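Have a look at it first, then we'll go through a few spots together.

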Amino acid sequence: MRTYADLWWRPTSPERLAGMLEVAREMGYRAVAVEGQLPDVPHVEGLEVVRRLTLRADGVNQLHKELSRVRWAYEVVSVVPESREVAMAALRDNRVDTVVMLGDEPIPVDHHVAEVARAAVEVPLRRFLEDLDTSLSWLLSSAKWFRRGRVKVVVSSGAMDQLELRTPVQLASLLIVAGVEPEVSRKAVSDLPYSIQRENALRLKGLMDHSGVWEVLRD
Amino acid sequence: MRRKRRYLLVRVRPPDAVTGQQAFEALKGSVRTLFGEVGLLLSDLRLLREERGFVVVRCSLGQVWNVVLAATLTNEVEGRKVALDVVRISGSLRKIKEALHIIMS
């Protein structure tokens, strides 16, 4: 059975977060990453809640400075680049988990990106709800680089309340309709986002080193 | 040759915001916006049943992901903010009814 994860929530209040957690559990999610303050996260059985930081950098130096400051304070670190130069730097950097190329000014995924990308490209559903034409146009032009897993891709909701949440199969349908293989599309809402948040959570707990090697603890 | 179909169990959230028929019309509108009149005709979309915040719709096998995407991108019906969750996709109506029965109970 797949473990589904949604890497981007932006609840505006603890009450909204509590409602979203309940809906996510019913939808079959196992993990969610929440941006913003997390005071007294309500416990929901079978759901892991981790912290996420979204960096908005307009220069490469600023990006590197911010990354050194915050990387090991959050389970998920994402970048919304303001320029192509920043996008390329973020995609190369192994401290970055995901890069949201579909920002206010979408940056196309092309063969230059495919050559250097180590971080995953994140596709937030909320951008489609805000600006459908621009988002679909970006997705259709970028989708060929996601096929056969050439560039890693993650689909998240970017939800601010429970009515912006969708089931995992619905998030995957964004990629499937754009021509990405169903298996790659399903991994974009399950294995890949789940492994990102899980491995980083283990690193933060000191159970895994930064290169991905498990720490063996002896009594 | 018999046309293959898929049945979708769709949950309307919040359940009392709109009727099943209104939610179905919004879904049809979304398919039309995304894939055009031809896409809507090819999808062969039909409302089969509505029950306490759930609708069961039928579509052609080849267009099922288009219909799922249309439901995903529907966020407003009759001026109210709603979500259409695709809870189950199946090749038989019996499985959908079983899933609905389990959820209701």
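Which residue with a positive phi follows α7(A)? That's Gly179(A), with phi near 100 degrees. Keep in mind as you look around that this is a predicted model.

Helix α7 of chain A covers residues 168-177, and eight of its ten residues are buried, so the rest of the structure largely encloses it. The buried ones are Pro168(A), Gln170(A), Leu171(A), Ala172(A), Ser173(A), Leu174(A), Leu175(A) and Ile176(A).

Leaving aside residues up to four places away in sequence, Ser142(A) touches Pro108(A) and Val109(A). With Val109(A) there's a polar pairing too: a polar atom of the Ser142(A) side chain lies 3.4 Å from the backbone nitrogen of Val109(A).

Now over to chain B and its sheet. Four strands make up an open sheet here, in the order β2-β3-β1-β6, and the pairing is antiparallel. At the edges you'll find β2 (46-51) and β6 (83-90) of chain B, each of which pairs on one side only. On average, neighbouring strands in this sheet are turned by 25 degrees against each other, ignoring direction.

Zoom in on β1 (residues 5-13) of chain B: seven bridges join it to β6(B), and the two run antiparallel. To find your place along that pair, look for Leu8(B), whose bridge partner in β6(B) is Ile89(B).

The table puts them side by side.

| Helix | Strands of chain B involved | Direction |
|---|---|---|
| α1 of chain A (residues 14-27) | lies across β1 and β6 | about 165 degrees to β1(B) |
| α2 of chain B (residues 64-72) | touches β1, β3 (54-60) and β6 | about 155 degrees to β6(B) |

So how confident is the predictor? For chain B, the average pLDDT is 95, and 100% of the residues score at least 70. Among the elements of chain B, α2(B) has the highest mean pLDDT, at 98, while helix α3 (residues 93-104) has the lowest, at 92. For the complex, the predictor gives an ipTM of 0.94 and a pTM of 0.93.

Definitions and conventions: Residues numbered from 1 in each chain as written. Chains lettered and ligands numbered in written order. Predicted model: local features only at pLDDT ≥ 70, side-chain atom pairs only at ≥ 80, totals over all residues. Heavy atoms only, no water. Pairing = 2+ DSSP bridges. Axes fitted to C-alpha atoms, helices over the stretch in contact; angles between N-to-C directions. Contact = heavy atoms within 4.5 Å. Polar contact = N/O pair within 3.5 Å; in protein donor to acceptor, adjacent residues only side chain to side chain. Buried < 20%, exposed > 50% of the residue type's maximum accessible area, 1.4 Å probe, protein only. pLDDT = per-residue confidence, 0-100.
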